[in-house]
Amino acid sequence: MKKKYIYLLPVVSLVFLVSACTKKFPEINTDPNLPTEVPLANHLAGAMISFDQGFMAPSNTNIDLSTNYVGERNSAYPADLSSTYQNWTSEDWGGYYSTLNDMNDIIAKAKEANAYNMLAAALTFRAEITQIATDEWGDMPYSEAAKASNGVLRPKYDDQKSIYDSIINDLKTAADIFKAGHTDQIGTVEPFYSGDVHKWQKLCNSLRMRVATRISFVDAAKAQSIIAEVLGNPSDYPISQTIDDRAEITYAGDNTWQIGFWYWANLLEFECAGQRIVDILKAYDDPRLMRLVAPAVSDGQYRGTSRIGRSSNFKVNDISYFNKNYYVVNGTTGPNIHYRHSEVLFDEAEIYLRGLYPGGDAAAQQAYEAGIYASMKELSIMADGSPKIPDDSIALYIASDSIKWSGTTQEKLWKIWNQKYIAHCFMLNESWAEMRRTDVPLCLPAIGSYYPSHNRGPFRVPYPANEQLMNSVNSKQYFAAQIAGDYLWGGQLWWDKRTGVH
């Protein structure tokens with residue numbers, strides 16, 4: 001009997017040893033360099049950069065057929081070109097929903113952690129990217145989107161008005177959180193402001209002004225309510241104050257961390273300045289021209305082209321490339337621009353002039369001239385540190401016959417919108433949206449359009465073909481409208497109230 005206990009002793013000891021080791025197994029075998037939970041600050045930064053890379057570089061050839069900040073100089077377009085819009089696809093669709101899933105996750109975890117400023121920043125960014133997305137596609141899945149983990153694999157489509165209501169609610173919630181003055185940190189790794197909470201607060205309220213202006217022709221009452229709260233309470237809801245409040249993402253510029261568009265454009269110079277932006281700047285003897293554009297090698301003149309190529313009357317050296325000293329163009333660092341200070345000033349100018357907020361003509365003029373001044377500075381930030389456009393040159397420009405504050409209300413609005421187009425240079429998403437809202441500058445179909453029966457450029461981006469297969473029941477009516485509308489003209493967006501356009 002004694003012998004039996006002797007044999008059992010090692011076995012019992014081993015059981016206790018295994019039990020003790022098992023309790024510490026997760027602690028011992030957890031790699032501190034491979035965390036299972038990503039810190040919220042890093043998650044936010046990663047999501048912002050992912051969206052930025054897919055949506056914000058001036059590389060969307062199809063949208064730039066309308067905005068024409070960028071042209072194509074290496075090939076000449078034939079007179080019988082018939083495929084201008086034929087190959088327009090929606091590769092960014094999945095990129096938006098991937099980022100939306102990230103933002104929803106960050107928002108949920110920030111709520112759990114009482115990370116108030118992180119929550120407000122995430123709500124602000126979700127609102128920005130959702131406005132960009134719905135301004136491309138219009139009606140699209142939103143309220144049920146990015147919920148595969150909850151079993152929703154085929155989300156319903158929401159109309160654009162309800163999506164805008166969600167955007168407005170996100171920004172209002174974020175603005176009130178920022179107003180409360182919480183002290184938690186967003187984190188220095190976020191790429192807009194390195195964690196500066198006050199700049200995030202100004203961006204949030206400036207985006208509220210963007211949204212209000214966008215919907216002002218279709219829902220003036222809601223627009224006025226937003227505007228009154230923001231402009232009427234500047235201490236609670238501050239907006240952008242200087243050009244240093246701009247939101248942009250800059251890259252390191254090395255092989256793994258760069259903006260591919262500018263890498264290849266600067267290396268090969270197959271891209272070039274767009275004809276529309278060059279012609280507008282030339283027409284007004286605008287000092288921003290030489291800061292953004294380099295003269296043609298052949299004769300020192302400034303010439304742009306269409307996004308589909310140059311006229312066969314010109315050779316490559318007759319066409320201007322960009323000024324490589326302008327900080328957006330320089331190298332491969334970017335930045336990609338999400339928001340510029342001049343935008344909120346042009347929004348204010350329109351708001352005052354149209355009577356959406358008290359101030360009248362005098363306030364509108366002040367905001368218009370301040371917008372031009374800010375844009376002159378923004379579009380003359382040079383990589384080598386050269387001085388920006390001097391104040392006396394800006395004053396002369398503002399006083400010139402074509403630019404000065406004069407004319408009818410509609411003529412003044414046209415001036416505001418035309419200057420806003422210049423100020424949005426390289427910001428394709430915002431510029432295209434404003435062109436469809438205001439019809440300024442006039443957006444005609446591209447040369448040689450595959451769809452020659454239209455008097456304006458496309459109204460929207462087409463839905464991706466795989467959506468018709470994977471979400472067929474919910475998307476059916478939207479694809480039917482898209483097909484009926486010649487693919488890219490399948491109905492004006494909710495806020496696009498232009499008449500006589502097709």
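A nonpolar core is a set of buried Ala, Val, Leu, Ile, Met, Phe, Trp, Tyr and Cys residues joined through side-chain atoms within 4.5 Å, where buried means under 20% relative accessible area, exposed over 50% and partly exposed in between (1.4 Å probe, protein chains only). The structure is a predicted model, in which local features need pLDDT of at least 70 and side-chain atom pairs count only at pLDDT 80 or more, while totals for chains, interfaces and linings use all residues. Residues are numbered from 1 along each chain as its sequence is written, and side-chain values use heavy atoms, with hydrogens and water left out.

The largest nonpolar core comprises 146 residues, and Tyr96, Trp262 and Phe426 have the most contacts inside it. Helix H6 (residues 116-137) supplies the largest share of this core, 12 residues; helices (H or I, at least four residues) and strands (E, at least two) are DSSP runs numbered from the N terminus. Not counting residues up to four places away in sequence, Phe426 touches Met56, Pro58, Tyr69, Trp262, Leu292, Phe322, Tyr326, Val328 and Val329 (contact means heavy atoms within 4.5 Å).

Lys377 lies in helix H14 (residues 360-378) and is buried, with a relative accessible area of 12%. Residues touched by Lys377, not counting those up to four places away in sequence, are Ile243, Lys388, Ile389, Pro390, Asp391 and Ile394.

The axes of helix H8 (residues 197-215) and helix H17 (residues 428-438) come within 10 Å and cross at roughly 30°; axes are lines fitted to C-alpha atoms, for helices over the stretch in contact, and angles run from 0 to 180 degrees between N-to-C directions. Arg210, Thr213 and Arg214 of H8 and Glu430, Ala433, Glu434 and Arg437 of H17 make the contact.
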